[in-house]
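Try each one before reading its solution.

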Amino acid sequence: MTALCEIRQLAVTYRGETMPALKGIDLDILGGERLAIIGESGSGKSTFARALAGLLPDGAAVAGSLRWSTGQPRAGRDIGFVFQDPSASLNPVLTVGEQVAEGARRHLGLSRRQGEARALEMLERVHIPDPAKALHAFPHQLSGGQRQRVAIAAALAARPGLLIADEPTSALDMVVQAEIVTLLDELVREGGMTLVFVTHDIALASGFADRVAIFRDGMLVETGATGTVLAKPQAAYTAALIASHRDLATPPLIREAGR
Amino acid sequence: MRLLRKLLRTPEGAIGLGLLAVLALVALFAPVLAPGDPLRIAGRALTAPFTDPAFPLGTDRLGRDVLAGIVHGARTSLLVGLAAACAALAIGLCVGLAAGFAGGIVDEALMRVVDAFQIVPSFLLALAFVSVIGASVPVVVLAIALGAWADPARLTRAQVLSVRERDYVASARVVGMHPVEIAFREILPNVLPPVLALAAIIVAAAILTEAALSFLGLGDPNIVTWGSLIAEGRNVLRSSPFLSVFPGLALVVTVVAVYLFSEGLGKALSSRGGAA
Amino acid sequence: MNRALRLLRRRAVGSIPVLLIVVVLTFLLLEAAAGDAVDAYLLSIGGGDAAIAQSLRASYGLDQSMAARLWLYLSSLARLDLGWSVAFDRPVRDLILERLPNTLLLMGSATALSFAIGSALGIVAGARPGSGRDRVLSTVSLVLYAIPSFWLGLVLSIVFAVQLRWLPTSGIETIASGRTGLSRAADIAAHLALPVATLTLVYMALFLRVMRAGMAEVWELDFVLFAQSKGLSRARIVLRHVARNALLPLVTMLGLQSAAMLGGSVVIESIFAIPGFGRLAQEAVSGRDTALLTGIIVVSAVLVILVNLAIDIVYAALDPRVGASERGA
């Protein structure tokens with residue numbers, strides 16, 4: 001696999017802050033892989049995700065380079081982003097259908113009717129119950145898990161090559177978490193997309209990620225194939241993370257939901 | 001105080017406070033700046049402004065000094081504005097606290113009364129009140145306050161309802177504090193900031209309402225107010241428009257000063273790091 | 001539609017006790033008048049003796065107890081009879097119905113214009129909070145909102161009617177001109193241009209500030225970032241996502257301001273000599289006509305209630321969350 005994006009010495013400091021959120025990150029994102037960014041609160045993992053997607057707030061100082069093999073990516077067209085809180089991601093006054101279709105209409109030049117058809121198709125792919133009805137529903141009428149599915153559908157509507165998911169399951173119940181992760185796994189595989197999955201839960205990531213990158217205090221601690229890192233962690237911090245999550249019950253939960 | 005310094009650091013707060021200070025000084029020292037009765041005939045009638053150094057802003061139909069009128073009028077505007085706002089806030093706070101605390105049918109009944117006062121246009125209410133009781137400064141203050149207390153009442157009640165359930169109130173109750181003491185020691189300090197922000201708006205509205213009432217001839221007839229000056233100037237609008245223009249400018253400057261001060265205050269209050 | 005109707009009915013029913021309180025309190029306040037309409041009337045005709053005063057009072061029912069008169073008033077109100085105006089010697093209801101359309105035309109146009117222009121400019125300012133454009137618009141709106149409407153009316157009058165002579169200074173139409181149809185409409189429009197412009201300038205400032213403030217708040221919400229992550233055009237984000245949500249507090253403000261705007265009609269109609277509802281209030285005050293004044297206040301309250309009900313419907317149409325039961329986690 002070739003590198004989709006080469007990240008060299010990426011550093012980010014938010015406006016008004018003295019401490020940098022990210023300090024000199026060197027990382028490659030390989031095309032078609034599923035990469036998990038793992039870290040605790042304050043590790044800089046969300047900042048990394050947003051820097052990658054170009055969603056940092058105004059005034060944030062960025063240093064270093066992000067070299068993309070396919071040229072500068074455009075939001076929505078090349079990169080899809082899924083946020084942590086599905087209740088906050090969706091505009092409360094617009095219908096689900098409109099919000100799923102808008103990205104596709106913008107980037108694929110679809111008409112209203114074509115956009116609606118695409119939205120229906122996407123809602124079916126994310127396994128929303130009764131997708132035709134959901135098209136005209138409003139976000140507050142759906143459950144948390146359903147809203148996250150809608151958000152995923154909306155992020156992927158314009159067929160981006162890269163999907164970045166920033167803790168997409170942290171606000172959801174355990175069982176729903178497993179469903180969403182399985183869904184992401186399935187969609188990424190079907191679409192031949194690259195997935196960057198940010199999480200604090202190493203056990204969750206271990207169930208489906210090809211590679212993991214461990215973040216701590218704005219720095220990259222360790223990176224490598226999931227199996228290798230979990231079995232033989234190089235850094236003490238990684239070992240500590242693994243130790244605190246040694247729960248044999250968790251991986252089977254994910255594989256069970258995938259049935 | 002720290003709050004004052006924060007206020008002065010914002011451009012709005014600094015300009016607003018500065019202007020208000022100047023206005024307050026003018027109002028306070030009116031008898032010194034323009035000695036004598038401003039309603040007395042001082043010179044030739046309808047002197048144009050900026051022509052006679054004795055009457056920098058000219059004179060009106062009867063030869064009364066416009067500048068003296070404006071300087072003395074500042075007293076009425078500021079006094080009525082502040083007094084009416086205080087009265088409205090006092091009534092509103094009491095009703096809001098009572099409603100928020102009592103709950104149940106008392107709350108319902110009080111809120112219907114608040115609704116009633118919010119539905120009637122406050123200017124019409126003030127108009128009716130002044131016409132019935134008679135025009136004098138205390139009556140005008142009360143009339144404006146009657147039209148303005150409903151909003152603070154509603155806000156106070158909302159604040160009380162949200163604060164009442166919080167942990168520090170529950171702990172006070174557990175410790176055995178008397179409900180009235182809880183109301184004043186725990187709840188009131190946390191209810192006040194948003195209500196105070198509303199206060200500045202009420203002052204501005206009160207100043208404008210007082211001006212409108214005097215303009216219509218419903219203010220206190222024995223004193224000079226900016227509204228009465230504008231009304232007086234209306235008689236010679238075609239020939240000497242300046243008579244109405246200058247007092248109006250004074251009103252605009254005053255109200256702008258109040259708004260700026262309120263914006264500065266809002267910024268200073270919100271930038272305060274995590275109190276309570 | 002069902003949701004809206006249910007809400008409407010609940011609100012309408014809830015307004016009745018409030019209206020009752022308004023009527024009772026107004027009646028009590030105005031009856032506290034020292035010296036009533038009969039005195040004022042007698043004063044205006046140059047005096048009269050006690051016997052005439054007594055018989056006048058008896059004929060207008062002004063000699064009974066407070067409670068009896070209140071009851072009488074409430075029962076006539078139920079029959080939509082608002083009493084008799086001593087100053088004009090006509091039924092109050094007729095007077096009000098005659099004057100109300102002029103005020104509604106004036107206020108309606110001013111509200112529509114100020115809302116449209118104010119929100120449009122508010123969107124321009126709120127599209128980029130903190131920008132130069134925003135600061136200029138915010139400052140201008142601050143000053144405009146500080147201007148007393150009656151003074152602005154006078155100033156505009158001086159400039160456009162007196163100095164430039166483009167527009168008439170007073171009245172609602174040229175008297176006895178015999179115009180009909182389009183020509184009459186144009187005449188009325190010319191007469192209303194200045195008062196409407198005055199009110200529009202003042203209220204537009206308010207709507208601008210509310211829209212701008214609303215948008216500044218909405219920009220902070222996550223769904224805006226999500227929309228940006230989808231790569232949508234800036235125009236779509238500003239209009240369909242940010243402004244569309246900021247519209248909600250703006251509509252609420254419109255409802256809250258309706259009472260103030262009705263009150264504001266008094267001074268404007270006075271300045272421009274528009275024979276409207278507000279001017280009628282002033283005339284009622286100078287004529288010490290308590291029945292007329294009471295009627296005016298009661299009708300104002302009803303109007304405000306009706307406007308608020310309409311606003312509630314509009315709000316429910318704009319916000320799908322209203323009246324819906326929360327389903328799902």
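The radius of gyration is taken over C-alpha atoms, and the globule rule is 2.2 Å times the number of residues to the power 0.38. Please keep in mind that this is a predicted model.

**Exercise 1.** Work out whether the radius of gyration of chain A agrees or disagrees with that of a compact globule.

*Solution.* Start with the length: chain A has 259 residues, so the rule gives a radius of gyration near 18 Å for a compact globule. Next, take the value for chain A, which is 18 Å and therefore agrees. For the outline, the C-alpha atoms fill a box of roughly 55 × 45 × 35 Å along the principal axes. Then look inside: 45% of the residues in chain A are buried.

**Exercise 2.** Describe the side of chain A that touches chain C.

*Solution.* First, count the partners: 28 residues of chain A are in contact with 23 residues of chain C. Second, find the elements of chain A that give two or more residues to this side: helix H2 (86-89), helix H3 (96-108) and helix H6 (144-156). Third, sort the residues on the chain A side into 13 nonpolar, 10 polar and 5 charged.

**Exercise 3.** Which residues touch the most other members of the largest nonpolar core?

*Solution.* Among the 162 residues of this core, they are B:Ala84, B:Val120, B:Leu127, B:Ala206 and C:Ile296. Now follow C:Ile296: leaving out residues up to four places away in sequence, C:Ile296 touches B:Leu124, C:Ile96, C:Phe277, C:Leu280, C:Ala281 and C:Ala284. Last, locate a second, separate core of 78 residues, which includes A:Leu35, A:Met122, A:Val188 and A:Leu241.

How values were computed
Residues are numbered from 1 along each chain as its sequence is written. Chains are lettered from A and ligands numbered from 1 in the order in which they are written. This is a predicted model: local features need pLDDT of at least 70, side-chain atom pairs count only at pLDDT 80 or more; totals for chains, interfaces and linings use all residues. A nonpolar core is a set of buried Ala, Val, Leu, Ile, Met, Phe, Trp, Tyr and Cys residues joined through C-beta atoms within 7 Å. A residue is buried if 20 or more other C-beta atoms lie within 10 Å of its own, exposed if 12 or fewer, and partly exposed in between; C-beta atoms are placed from the backbone. Two residues are in contact if their C-beta atoms, placed from the backbone, lie within 7 Å. Helices (H or I, at least four residues) and strands (E, at least two) are DSSP runs, numbered from the N terminus. Ala, Val, Leu, Ile, Met, Phe, Trp, Tyr, Cys and Pro count as nonpolar, Asp, Glu, Lys and Arg as charged, and the others, Gly among them, as polar.
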